[in-house]
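Please read them beside the sequence and the coordinates.

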Amino acid sequence: MTTIEFLGLAAVALVVLLIMEGVAWAAHKYIMHGFGWGWHKSHHEETEGVFEKNDLYAVVFSVLAIALFVVGSNGHPVVFAVAVGITMYGVFYFVVHDGLVHQRWPFRHIPHKGYAKRLVQAHRLHHAVEGKQGCVSFGFLYAPPVEQLSSELRRRGTVAAERQAQKAEPSETRASVS
Ligand SMILES: [Zn+2]
Ligand SMILES: [Zn+2]
């Protein structure tokens with residue numbers, strides 16, 4: 001493989017990584033909060049134990065990526081690059097969503113500034129609405145400004161539920177809606 005070819009494949013992987021944010025947003029909004037709510041519901045409720053039914057989505061995406069890796073390793077470098085992009089997104093998703101936001105790792109780290117804080121607040125607002133309807137913030141790596149999400153929630157009249165959720169959150173990661 002020449003350097004140019006390698007850089008081209010790396011670019012493909014990066015573009016796929018960015019596209020995946022759109023795919024994940026759409027899947028979250030239209031599948032997980034649509035006909036796929038049966039699995040995703042567990043993620044919007046308190047669950048016992050290490051795993052929740054929603055983790056099956058991660059399994060599905062992993063199986064897909066593995067299938068692409070297998071195809072890619074058999075003489076289809078572009079498919080391989082696509083698989084790398086999807087996997088990178090999966091790793092980011094796991095670190096940011098499962099780790100940073102939901103604290104599914106054995107140590108506590110709550111970001112207090114910068115984009116990481118905004119990501120956490122935006123996803124907290126996603127969880128501020130009860131049930132599958134009327135939620136905001138379906139993306140993961142791109143977070144709109146918190147004020148924008150808050151006013152959207154206000155418009156939908158879901159602030160009451162949001163306030164309730166806020167009470168349960170530590171003050172430093174609170175997203176202001178009032
Ligand atoms: Zn959700
Ligand atoms: Zn979540």
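**Notes on helix packing and cores**

1. V96 has its place in helix 4, where helices are DSSP runs of H or I with at least four residues, numbered from the N terminus. The model is predicted, so local features need pLDDT of at least 70 and side-chain atom pairs count only at pLDDT 80 or more, while totals for chains, interfaces and linings use all residues. Residues are numbered from 1 along each chain as its sequence is written, and chains are lettered from A and ligands numbered from 1 in the order in which they are written.

2. Leaving aside neighbours within four places in sequence, V96 is in contact with V101, L119, F140 and L141, contact being C-beta atoms, placed from the backbone, within 7 Å.

3. The largest nonpolar core, with 13 residues, has L119 among those with the most contacts inside it; such a core is a set of buried Ala, Val, Leu, Ile, Met, Phe, Trp, Tyr and Cys residues joined through C-beta atoms within 7 Å. Helix 5 (114-126) and helix 6 (146-155) each supply at least two residues of this core, and the largest share, four residues, comes from helix 5. Another core, of twelve residues, lies apart from it and includes A13, M20, A83 and V84.

4. Helix 1 passes helix 4 in a right-handed crossing, that is, with the near helix turned clockwise from the far one by less than a right angle.

Conventions: Contact = placed C-beta atoms within 7 Å. Buried ≥ 20, exposed ≤ 12 C-beta atoms within 10 Å, placed from the backbone.
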